[in-house]
Amino acid sequence: MNILDLLLAIPAIGFFVGLIMPRAQEQAIRLLTLVFSLIAFIVSLGLAIGFQTGQTTQQFVTNVVWIQNPEIHYHVGIDGLSLWLIILTTFLTPIAILISWKSIQKQAKEFFAFLLLLEFGLIGVFAAWDLFLFFVFWEIVLVPMYFLIGIWGHDRRIYAAVKFFLYTMAGSALMLVAIIFLYTQSGTFDYATILDQLASGRIALSHIQETLLFLAFFIAFAIKVPLFPLHTWLPDAHVEAPTAGSLMLASVMLKMGTYGLVRFCLPLFPTAARENAPWIIVLAIIGIVYGALVAMVQPNMKKLVAYSSVSHLGFVVLGIFSFTQMGLDGAVYQMLNHGISTGALFILVGFMYERRHSLAIADYGGVATVAPWLSTIFLITTLASIGLPTLNNFVGEFLVLQGVAQANFTWTVFAALGVILSACYMLWLYQRVFFGAVGEGVEHHVLDLNLREWVSIVPLIVMMVWMGIYTQTFLAHVSETNAQILNQSKMNVPLRVAIPPVGGGHLNAR
Amino acid sequence: MPANFAPSADDYLRFLPEIILTVAGTALMVLDPLFAKRLPKMFGTLAIGAFIAAMVAACAANAVPGASFSNLLIVDGFATYFRVLVIGIGILATLSSYEYLDREKAETGEYHALLLFSVAGQCIMVSANDLIMIFIGLEISSISSYVLAGYLRDDKRNNEAALKYFLLGSFATGFLLYGMAIIYGITGTTKLDEVRLALNTPGVSMGMVAVAAGLMIVGLGFKVSGAPFQMWAPDVYQGAPAPVSAFMATAPKAAAFAIFVRIFMTCFERISNSWEPLIWIFALLSMTIGNFAALTQTNLKRMLAYSSIANAGYILVALAARSELGTSAIMFYLAAYALMNIGAFAVIIHISGKGERHLQIDDLAGLSQKQPLTAALLTVFVLSFIGVPLTGGFFGKFYIFRAALDSNLVWLAVLGLLNSAVAAYYYLRLLVVMYMHEPGEVTQELHPLTPGLMAALVLPAIGTFALGILPEAVLNFARNSSMLGR
């Protein structure tokens, strides 16, 4: 049993302990789940400390047989790609618990227990190295999130929760077919073995098979990302979810989709991935611009942030399908960035909602006068979100755009529109909410941050600066794994999709 | 065949479960007039005792596998698996009947005797090696079920259910019998293994065999309530007493699938190319009609009836795979399905109240706040129905679709899994009303769970998790017994 197993066990144990606690002991349950999530966070730091650079294989591996026949393994391990996503999960869970401390009074026991179950599932998704196990965790995540939205959400919570569940179910049904099909071909669920067999040609997929399998995985992931036009569940889910739900949904769950694309779609089906890249990239760019434009006209703060997620995640997909080292690095970095900065935005919007009980932008105005600290923090987060240099998003967006420019400069031009538009909608939001005349409701209800809120938001601000300034802490590990994945995605590929040579005729950043 | 008609000790041992069940059923009938007034609860306890004894006997019989009574019955792993399954369903159905019979002031002796007889019939069906024995077992099982469906004589719906079930059931049996007669006409035997051999000899009229197989598909299709022969199921399941519906949707169905598999995977294996397309369509229709019809239901029992049609469709997918893998997938899924279905019906029994007045989905409103444990257990079954990992339902579905893909039924697998995504919608509604609505009148006035119902809820929940997390033992047994004497 290594640190990774321990890390999986802690939230699971916390979930069960939380469930058997007596209902009346609400405060004790809050404390207990907080303690469990903090322990999980500390343990997860052990992963970062013990992580060895320069290794091409996964680390902290545990591989034991779960079911003999069909052979299913409990096979977990991490590499540079999953390391930071796991730490992002464990980092945000205690924050999610803290921000729900006061706002969740109804059925508190289940709420906090579900947050731990969610953490368990998310860590599992990023750590699983067996396709069956991956699918198990992938689906487990659905259940707590469904309840989080459905029980503790806002007015249209039931509609949003069911929509969220069904969208994901439809996608994962296809993925399950693809996983089983791979199993019938290769006789194993072990990801590394399947990869090996594919690379060495021991299982040969026909062109049409590969394309269909790629699409089956891709659609499941694209729904989760969500890629335009499969994004319609997201604004509903975000707006209706409680703050902690929105936080976990935006910051980590969306990354399950992009993680899946990088982890599975590229290495497993390199040819199909490259062949289908053009239209996927078109969709990603449409998502970037469309998400930003729709965000601009939203009268609801949470919906605005939700659509900005569609836009930001478009960058990630764009980077992934640029098939360049920089693009991929930027994409993965952007996953982490988005987790931090959009997470912070959702938290701050949640704070405002707790004060004013409204998400409508029109109900605010002049908040900067009455709550200067809240406004300052919001400003930093806004700037991070629009990609101000020295803050985190800049690095990711820059790398993505540069990587894409290597592949096709036209794409970059269109994608860069998203950067400009993000400044428009975020700054306009800031102006309308924080400046201007102080309204009646704002003056009496919007207080400044209290200690608990400070504790939950400051770590995120610190991370924004850290990730903006000293990228090497994170990017080195990511980059190493990405190079390997990129390499795998070139194996046996006749490179049917012509990628313009670097610097060939186009203006290039290098 | 040796002309030794005196049964040996082994013969009796192999037949012991049926003997125990029949004797116990008869004894209950005799005891009924003596103790019905004084000890109404005694009969259920006796029945459970008999079921447990029969289950032990079934396991003991598995130690001496082989054919008995001049090859009329056969005890193999397949038979043992299904015997244990239907007897287990019998136990759970009895457990969930205590409160119900008490509440409806119904006679207990006959009820439990009928349940025992029905299970005895199903035990004969699953271990029969002869078309006539299959027919006899089917009739014993069906006739008891007809009576059980109309057990509350004064209830209009009960009468409707019994009549409908009886008429359509007999009609279906006619088809089955006609098919059997044709087979006898062609081959001159009713023994399954001999039929198989006879069909393998050249010169047999394959056209007539196909007709016989087609007739049997119709007859068995009725019994397993697969579309387009599903019309009776919603009305019957809705009208019959809730514990009987729980029983009917599981035990007779499991037994019917067992003979379906046994006949088609032994006798008709050779012509499987000609019946596979039929089963393919049959499976797709069942899944699609069941799931889409369930979407609009507001009555819990009716919704579960349509869900049982859809689940029959999933099982037929595995039959269409025509492989040992498919057979073991059918076995596994039937166990998982039985557990979740009985568990879900136990909750319905709990909330429906006297005269089954509260059967609307909305009657579950706010159950999680009033009785969190009941709600949590129903959640387990619902998640299993949806096919969420770590439940038996998920692993069963996974196994079925694996068998389908293994036999290159890619499109059936894709359509089936998409169907299960559709199904998630109506199952989710149960979770929605339980967890996301405020408690309604029904849940406000709900009594706490009685011990019997509690057991009928907790045992299937444990089983559901066991099949989902550690399916190994059941899976291995199913796989090792999926050969069917080939």
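My entries follow, topic by topic.

**Ground rules.** I was working with a predicted model, where local features need pLDDT of at least 70, side-chain atom pairs count only at pLDDT 80 or more, and totals for chains, interfaces and linings use all residues. Residues are numbered from 1 along each chain as its sequence is written, and chains are lettered from A and ligands numbered from 1 in the order in which they are written.

**Confidence.** I checked pLDDT, the predictor's confidence in each residue, from 0 to 100. Chain A has a mean of 85, with 96% of its residues at 70 or more. Over residues 492-510 of chain A, pLDDT is below 50, and I noted 27 contacts for that stretch beyond near neighbours in sequence. A contact here puts the C-beta atoms of two residues, placed from the backbone, within 7 Å.

**Where the chains touch.** I found 22 residues of chain B in contact with 25 residues of chain A. On the chain B side, α17 (392-406) and α18 (410-436) each give two or more residues, and α18(B) gives the most, with twelve. Helices (H or I, at least four residues) and strands (E, at least two) are DSSP runs, numbered from the N terminus.

I saw β1 (residues 59-67) and β2 (residues 72-78) of chain A pair antiparallel over six bridges; pairing takes at least two DSSP bridges.

**Helix α13(A).** I looked at residues 325-356 of chain A, a helix of 32 residues that reaches 46 Å from first C-alpha to last, close to the 46 Å expected. The expected span is 1.5 Å times one less than the number of residues. I found a kink of about 25° centred on A:Asn337, the bend being the angle between axes fitted to the seven residues ending there and the seven starting there. In α13(A), 28 of 32 residues are buried, meaning 20 or more other C-beta atoms within 10 Å of a residue's own, all placed from the backbone (exposed is 12 or fewer, partly exposed in between). A:His357 follows, with a positive phi near 55°.

**Helix α17(A).** Buried residues here include A:Trp411, A:Gly418 and A:Tyr425. I listed α11 (270-296) and α12 (301-320) of chain A among the elements covering the buried residues. A:Gly436 comes after α17(A), its phi positive, near 90°.
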